[in-house]
Amino acid sequence: MTGTMLSLSEADNLIPSSGRQMLDHVNRLHSTGVQIDIDLPQIAVVGTQSVGKTSLIESITGISLPRESGTCTRCPIECRLAHSDANWSCVVSLRITEHGQARNIPFGDIILDPKDVEKRVRKAQKAILNPSQPVTAFLNEDADLKAVNEERFSSNTICLQITGPNLTDLSFCDLPGLIASVSMDGDAQDIKLVDDLVRSYIMKPSCIILLAVSCETDFENQKAHQLVHEVDPERARTIGVLTKPDRIQKLEEGQWLRLLRNEKEELAYGWYVVKLPTSADMREGITWAEARADETRFFDNTYPWPDEASTHLGTPNLIVQLEAVLSGLIIKRLPEIEKELSESISRTQRRLADLPPPPPEHPFLEINHQLGAFCAEVQSCVDGKSSPAGEIALQQTIRPRFQRFKSCLLKTAPRFLPWDRAVSPTTHFSFNPPNQQVERLARPVYLDEVYTKAQEERIRELPGMMSFDVYMHYINEFLAGWPDPTHELAQEVAADVSRIVRKLVKQRFAGVGHGALQYRVGNVMQETVKKRSAETLEALNELLERAKTPHTLLEAQYTFYREGLEQYYRQAYESPPDPTLALTVPAPAPAASMPTPISGSATPASQPPPAFPPTANSGFTFGKPKPNDSTSKEVADAGKQAASKGTFGSASTPVVKLPAEKPASGFFGSTSSATSGSTPSPFGNTSSAFKMASMSPGPFGGPTGSTSPAPSTPAPSAPTLAPNVLSAEMSTALGVMAHVRAYFEIAYKRYLDNVHEIVDYKLVRGVARELLPSLCRGLGIDGRDAQKVCASLTAEREDVRVRREELRKKLERLEAASQELAAYR
């Protein structure tokens, strides 16, 4: 044998003090449990069943471990050796990992005699394999260590912290032996379970793999070699150790020597061979000093070992290599570990901050504070001062809905056409703002239809009087178009309020407790919205019922609308359907006093019939009535005949001024209008003047007349034709039109304002009214159990609680490891 084998004491003296300090420092890091989070340098002992792994660990540590036939190691056993001038001692603890969180549990008192370690380790393994029972139960002397275990294998770890004068600084982990096959009464799942457990250790880049190979079995057929080849294909972090060299068959020494010389299966850290005491030697009580002496004699006197380099023979040389490799890896990894610790601490702190806030110390006060803030947010939203993130303010959302509702009401305006149905008019009446082109939905109602309806409803009325049922018939027609848009408006606004409220609830309570508070507040708010919505619909339905009874105290305004409309309709009726008829808007002219409404069958020669102008809400415009084909020729002939006579009109176009009425204040204007002697008209600017084209004789006959004062000498080049004559019966029917249409102007504006007030007060602002007491009642925090209810509402979800606890413990481990690194620097 070339050279001399080292003793354990000599091997320990070869370790530099700086290397020993670093090994001790990594052992301290392991004691914090940070190896769960950070890849710490360590040595993992890997081998197939019965290759002598346990004997190898005993030889390195100088202690006895449980021995059984087959698999005796059923969980990882982590050994941390530390040189000390004090007496030998061993501390046993269990590292239990649950939900990704490790906790160290002391297992018994300090052991002062190495002989007591084997029994303590056996009890510790029993405790790990039976997790449902208290750990302390297995420390009793009467604990049944032969009972069937709950688990066959476990990833929880037995930790041995061993110090003494004859020890070297080293840290390694003994893993369960890999299983090649199971017996008839075995469990085939154990094979994969152990494979996964071993792989979870040796796949880490900072793990040095100590591969134990038995010389009594063909190398290539040993499962441990195959697994190591998978995780370390470059052989860059594997140390090979050959056990049981005394079992090598004659003439087979060559294949093992090629491994030892690193000629076959070359490893970066080489191969070693050790001679360990047998189970029989251990039962006979051989000491570790005697075992080292037997090992030395074996390699000195047994072929073929005397001719091999002694640096790769024996346990002491293996220990030196293990310490050197581990120290080198620690030196390389320490700066990286420091950086990884810093990054992991920051990452863990961020994850803790991302969790919902922890439960408050005073749940009742916290919930009341949150509810008060929420009520203020709701009030601010309904006032239009704020809105949830990503939402348009509530008032800005519902304002267009009211505008559309107004347009819908305008579409229901009565569509009275002041001539007989026999005439097919192109005339259209628009009662909408100029910037709102609203399609009229009401059916056209002709003058003769109104007259016929009046005759049908007449009972005992005096001549010239009309049954009120006629008025109600046409009033009910436009009222019938109001319920649908009214209900749709209420539903749309309720949906807007509900959506805003849901977002406010989520914005305020999403991070409180386990979600019960958000859920219950959301339910209370939705019930509140439903209740307010029902109250709103009830009030709107009542308003619709009240609208069915026509009434108004605005007598002056109603009279003004009616008289103006009656003149408007009369003018349309008395104007013959001439193709040249037009209505144009001239430049403003001074206001004139309102004339007495037309009551006769013809227009006085001194006063032209007024043309009603468009207004902000009612644009009264009309074009020319178009005669039926059967009367076209008669109209043309009548026009030519009147023109040849040249008895009416002049070439000039008369100017028609709007009528004026007595001064009024309030709804129709201010008192300043009294100075001008006129009242602002709801139909437009009273100073506006209109020009009308010359009248032509209509197809209905009647006396002739003029739309403007007759000149002293008629001009034959510009004759005017006679207007139609309105009979007394038709004049009464036309009055019905004017009354109904005038009432629509009063009724729809009043209804529009009332609907807006009801929806705004009962629904929009109603949600925020008395909200805090409603929430307290709905959550049940206004009674004697308020404290208990608040505590349950603010309690964390179980998964959040577990996650918070995991992160807190992880942060504690990382910070403890960081402090260890700071102490080393």
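Contact, as I use the word here, means heavy atoms within 4.5 Å. I am working from a predicted model.

**Entry 1: Phe138**

I looked up Phe138 first. Phe138 sits in the loop between α4 (117-128) and β5 (157-164). Leaving aside its neighbours within four places in sequence, I find Phe138 in contact with Phe107, Lys123, Lys126, Ala127, Asn130, Gln133 and Ala143. For one of these, Lys126, I also noted the C-alpha distance to Phe138, which is 7.2 Å for a pair 12 residues apart along the chain. Is Phe138 buried or exposed? Its relative accessible area is 5%, and the cut-off for buried is under 20%, so Phe138 counts as buried.

**Entry 2: the chain overall**

I then stepped back to the whole chain. I count 22 helices and 14 strands in it. Of the 825 residues, 50% are buried. Taking contacts with a separation of 6 or more, I find that 80% join residues 24 or more positions apart.

**Entry 3: Val51 and Lys244**

Val51 lies in the loop between β1 and α3 (53-61). With a relative accessible area of 4%, Val51 is buried. Which residues does Val51 touch, not counting residues up to four places away in sequence? I list Ala212, Ser214, Gln222, Thr243 and Lys244. I also checked Thr217, which is 166 residues from Val51 along the chain; their C-alpha atoms are separated by 9.0 Å.

Lys244, one of the residues that Val51 touches, got its own check. Lys244 is in the loop between β8 and α7 (253-260). Its phi is near 55°, a positive value in a residue other than glycine. Lys244 is partly exposed, with a relative accessible area of 22%.

**Entry 4: helix α6**

In α6 (residues 223-231) I find Lys223, Ala224, His225, Leu227, Val228 and Val231 buried. The cover over these buried residues includes β1 (42-47), α5 (189-202), β7 (207-214) and β8 (238-243).

Most residues other than glycine have a negative phi, and most peptide bonds are trans. I looked for exceptions. Asn262 has a positive phi of about 65° although it is not a glycine. Asn262 is in the loop between α7 and β9 (271-273), and is partly exposed with a relative accessible area of 21%. The peptide bond from Tyr303 to Pro304 is cis, with omega near 5°. I place Pro304 in the loop between α9 (288-301) and α10 (315-354).

**Entry 5: helix α11**

I checked the length of α11 (residues 363-382). At 1.5 Å a residue, its 20 residues should span 28 Å, and the end C-alpha atoms are 29 Å apart, which agrees. Just after α11, Gly384 takes a positive phi of about 80°.

The buried residues of α11 include Ile367, Leu371, Phe374, Val378 and Val382. An α-helix has 3.6 residues a turn, so residues three or four places apart point the same way. The buried residues of α11 pack against α12 (394-411), α15 (483-509), α16 (516-547), α19, α20 (771-779) and α21 (786-794).

How do the axes of α11 and α19 lie, and at what angle? Helix α11 and helix α19 (residues 728-768) pack at about 155°, with axes 7 Å apart. An angle over 145 degrees counts as roughly antiparallel, and the two helices are therefore roughly antiparallel to each other. On the α11 side I find Val378, Gln379 and Val382 making the contact, and on the α19 side Val764, Val767 and Ala768. The residues of this contact divide into five nonpolar, one polar and no charged.

**Entry 6: nonpolar cores**

The largest nonpolar core has 87 residues. Those with the most contacts inside it are Leu371, Phe374, Trp482, Val521, Met525, Leu775 and Ile781. Helix α19 supplies the largest share of this core, 22 residues. I followed up Val521, which touches Leu371, Phe374, Val505, Phe509, Leu775 and Leu779, not counting residues up to four places away in sequence. Another core of 65 residues lies apart from the largest one, and Leu94, Phe107, Ala124 and Leu167 are among its members. Phe107 was already in my notes as a contact of Phe138.

**Entry 7: Glu449**

Glu449 is in helix α13 (residues 447-457). Glu449 is buried, with a relative accessible area of 19%. Leaving aside neighbours within four places in sequence, I find Glu449 in contact with Arg421, Arg443, Pro444 and Tyr474.

Note on methods: Residues are numbered from 1 along each chain as its sequence is written. This is a predicted model: local features need pLDDT of at least 70, side-chain atom pairs count only at pLDDT 80 or more; totals for chains, interfaces and linings use all residues. Side-chain values use heavy atoms; hydrogens and water are left out. Axes are lines fitted to C-alpha atoms, for helices over the stretch in contact, and angles run from 0 to 180 degrees between N-to-C directions. Helices (H or I, at least four residues) and strands (E, at least two) are DSSP runs, numbered from the N terminus. Angles under 35 degrees count as roughly parallel, over 145 as roughly antiparallel, 65 to 115 as roughly perpendicular and the rest as oblique. Ala, Val, Leu, Ile, Met, Phe, Trp, Tyr, Cys and Pro count as nonpolar, Asp, Glu, Lys and Arg as charged, and the others, Gly among them, as polar. A nonpolar core is a set of buried Ala, Val, Leu, Ile, Met, Phe, Trp, Tyr and Cys residues joined through side-chain atoms within 4.5 Å. Buried means under 20% relative accessible area, exposed over 50%, partly exposed in between (1.4 Å probe, protein chains only). The expected span of a helix is 1.5 Å times one less than its number of residues.
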